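Hi,

Here is the structure I said I'd pass on. Have a look at it first, and then read my notes below.

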Amino acid sequence: MKGSRNAALRWARSAALIGLAVAASAGCSGGGDDGTKREAAELRARPPGVHSWTARPCDLLTGAPPAEGFSLGSTTDSASPDALEDVGEDGARPLYRRTGCLADLKGPDGAFWELSATASVYEDAEPARHAYRVKEDLDRAHGRGPEKVHEDAYSLPADDRGRPGRTLLLRNGDLVLTVSAYAPHGSTEHEVRKDLEQILGNAARRIEDGLRDHDAPSPAP
C-alpha cells in the first residue's frame, strides 16, 4: 500500500514538472503576441538585392509599430540626391548616394526614445562590401565589440550623452545600412537591450525592403 502511494506521488510530481516545462516553452515561443516581437527576434540574412535612393526614407518606417508597444512620433528626412565619392580599394573612387531618417519613438510607458537610420546605396555591390568591411574592422580595432548578427550584419553598444543605445550595421548587395536607437535618460543597457534590438531589427528590415528593387535580378553575393 505504501509503495503504491509513493509511486502515485512520484507520478504526480513528474506530471507537474512536465506541465511547468510545457508552459515555459509556450511562453518563450511568443505564442499569443502579435508577431512583432517574434519577427524581430532574429534578423536573417536575405538574398542580395539591388537598391534605389529615396528622398523620403522616413516613409519606409510608417505603417507598422517600431516595436511591440511603441509608436512612431515626429520624423525628419535627411536626403541629398547628389552622388558622394568614397575611398575604395586600389585607389578607386566609387560613388554612392546617402539617405537618412531621424525619428522620435514613444515607448509603452510614454517615455521618448530615438531612432536614426542612414542608408548608402553604392554604384555596385563590391564597393559596398569594401565599405562595410572597413567599418567592421575599425569598430573591432577600437574595441567596440561588434556582435555578429549574420555574415553581413553586426551590432554594438552605443551611447548618446548618457542615453544607452545600440547600433546595427548591415550590408545587402549595393546597400550599406546603419541604424541606431537610444533609450530614455536614466535607463540601463540591461533593461532596454531587448527593446533596442527589436527596434533595430524592424527598422533595418523595413528600410532594406523599401529600398530594394523587387523586379531586379539578384546580383552576386
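The protein chain has four helices and eight strands, and along the sequence they run α-α-β-β-β-β-α-β-β-β-β-α. Bear in mind that this is a predicted model. The average pLDDT for the chain is 84, with 81% of the residues at 70 or above. Residues 1-41 are the stretch to watch: pLDDT is below 50 there, and the stretch has 15 contacts in the model beyond near neighbours in sequence.

Of the contacts with a separation of 6 or more, 58% are between residues 24 or more positions apart. The chain exposes about 12,400 Å², and 54% of that comes from carbon and sulfur atoms.

Now the aromatics, where the count is three pairs. Tyr96 and Tyr122 are stacked, because their ring centres are 4.9 Å apart and their planes sit at 25°, under the 30 degrees cut-off. Tyr96 is in strand E3 (residues 95-106) and Tyr122 in strand E4 (residues 112-122), so this pair ties together parts 26 residues apart in sequence. Tyr96 is buried at 10% relative accessible area, and Tyr122 is buried too, at 7%.

Another pair, Tyr132 with Tyr154, is tilted, with 5.7 Å between centres and 55° between planes. Here helix H3 (residues 125-141) supplies Tyr132 and strand E6 (residues 153-160) supplies Tyr154, so the pair links parts 22 residues apart in sequence. Tyr132 is buried with a relative accessible area of 0%, and Tyr154 is buried at 0% as well.

Cheers

Technical notes:
Residues numbered from 1 in each chain as written. Predicted model: local features only at pLDDT ≥ 70, side-chain atom pairs only at ≥ 80, totals over all residues. Heavy atoms only, no water. pLDDT = per-residue confidence, 0-100. Contact = heavy atoms within 4.5 Å. Helix = DSSP H or I, 4+ residues; strand = E, 2+ residues; numbered from the N terminus. Areas by Shrake-Rupley, 256 points an atom, 1.4 Å probe, with all protein chains shown as cover. Phe/Tyr/Trp six-rings, centres within 6.5 Å; stacked < 30°, edge-to-face > 60°. Buried < 20%, exposed > 50% of the residue type's maximum accessible area, 1.4 Å probe, protein only.
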